[in-house]
Amino acid sequence: MVTGGTGYIGSHTVVELQQSGYEVVIVDNLSNSRADVVDHIEQITGIRPAFEKVDCLDSEGLDAVFRKYPNVKGVIHFAASKAVGESVQKPLMYYRNNLGSLINLLELMPKHGVEGIIFSSSCTVYGQPDVLPVTEAAPIKKAESPYGNTKQVNEEIIQDFVASGAPINAILLRYFNPIGAHPTALIGELPNGVPQNLVPYVTQTAAGIRQQLSVFGNDYDTPDGSCIRDYIYVVDLAKAHVIAMERIFQHKQEKQVEVFNVGTGHGVSVLELVNAFERATGVKLNYRIVGRRAGDIEKIWANPERANKVLGWHADTPLEDILASAWKWQCTLS
């Protein structure tokens, strides 16, 4: 079962799961995605995933899905509200959605004999790390936003539930910054309204949908003054979920709850990404430097050695190829 499976990362993960031989049921309320994503997944894989339009806050509805698909053995949980800025404006909505949906799932899993859950976590749990690159052992810092806090609390909920004796296994994947689109350009990131993330704003600016890209700050303590992030190709990220699910099914875990950073290990600044996009596509971007944005951390990138060694997973798609895929996707939309 993939909750939020018609969303950006969810849809790419469904494709990789199907191509690895898994049967998939998507559970999504379509609050931030479109139903035709299911058609596009079928176009890519030749297999139509089962789809149930259910909100994970609806415990009875979720229970009915588990009853309808009694063979579900694993859950990958993406369904969550995810805009940092919006979470500051609507904290209660974020706490209700993001905590309630996970609690409902965890309550139902033992009842229906579900073995394991992969939780979609985030590098936001590290805040601004004291040491870079950041490892899984880095301290969890006070969240900068309600969204970030829901990721921290959900990790704690899973840890506490397992510690209570619950018969489930869990893997927490802490993502860095997913970008790009499937090479077929049939699925990709579809932000509602003004994009909150850098790459969709870049592609929309290049396509003329947005007049100008704002680069927030050029006075940070980084080589070119702009913020640094670890940008990971969404297809590479999706593959990490498949490997993590296999680890649970094959009983290879060292303990019931495991944590992995899912990143490239390379920091890329905003201005470096803009330049890489221009090289990859031949399109010049209209951008300007503006003041810093509240809540942005200066720099973060992963130490992915644990995922590399333990999972045998690597993110090695070149940045320009990833940005070319994002542009190809944008061109199919506009």
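The second largest pocket of this predicted model has a volume of about 370 Å³. A pocket here is an open set of points on a 1 Å grid over the protein atoms alone, where a 1.4 Å probe fits, with protein on both sides within 12 Å along at least five of seven lines. Grid points are joined across faces, edges and corners, and a volume is the space filled by probe spheres set on the points. Residues are numbered from 1 along each chain as its sequence is written. Local features need pLDDT of at least 70, side-chain atom pairs count only at pLDDT 80 or more, and totals for chains, interfaces and linings use all residues, while side-chain values use heavy atoms, without hydrogens and water.

The second largest pocket is lined by 17 residues, each with an atom within 4 Å of a point. Met 1, Glu 23, Val 24, Asn 71 and Val 72 lie nearest its centre. Strand 4 (74-77) and helix 8 (234-249) each supply at least two lining residues. Helices (H or I, at least four residues) and strands (E, at least two) are DSSP runs, numbered from the N terminus. The lining has 13 nonpolar, two polar and two charged residues. Ala, Val, Leu, Ile, Met, Phe, Trp, Tyr, Cys and Pro count as nonpolar, Asp, Glu, Lys and Arg as charged, and the others, Gly among them, as polar.

Helix 6 covers residues 146-163. At 1.5 Å a residue, its 18 residues should span 26 Å, and its end C-alpha atoms are 25 Å apart, which agrees. The expected span is 1.5 Å times one less than the number of residues. Buried residues of helix 6 include Pro 146, Tyr 147, Asn 154 and Val 162. Buried means under 20% relative accessible area, exposed over 50% (1.4 Å probe, protein chains only). The buried residues pack against helix 4 (84-89), helix 5 (91-111), strand 5 (116-122), strand 6 (169-175) and strand 11 (257-262), with contact set at heavy atoms within 4.5 Å. Just after helix 6, Gly 165 takes a positive phi of about 105°.

Most residues other than glycine have a negative phi, and most peptide bonds are trans. Ala 185 has a phi near 60°. Ala 185 sits in the loop between strand 7 (177-179) and helix 7 (198-206), and is buried at 8% relative accessible area. His 251 has a phi near 55°. His 251 lies in the loop between helix 8 and strand 11, and is exposed at 62%. The peptide bond from Leu 132 to Pro 133 is cis, with omega near -5°. Pro 133 is in the loop between strand 5 and helix 6.
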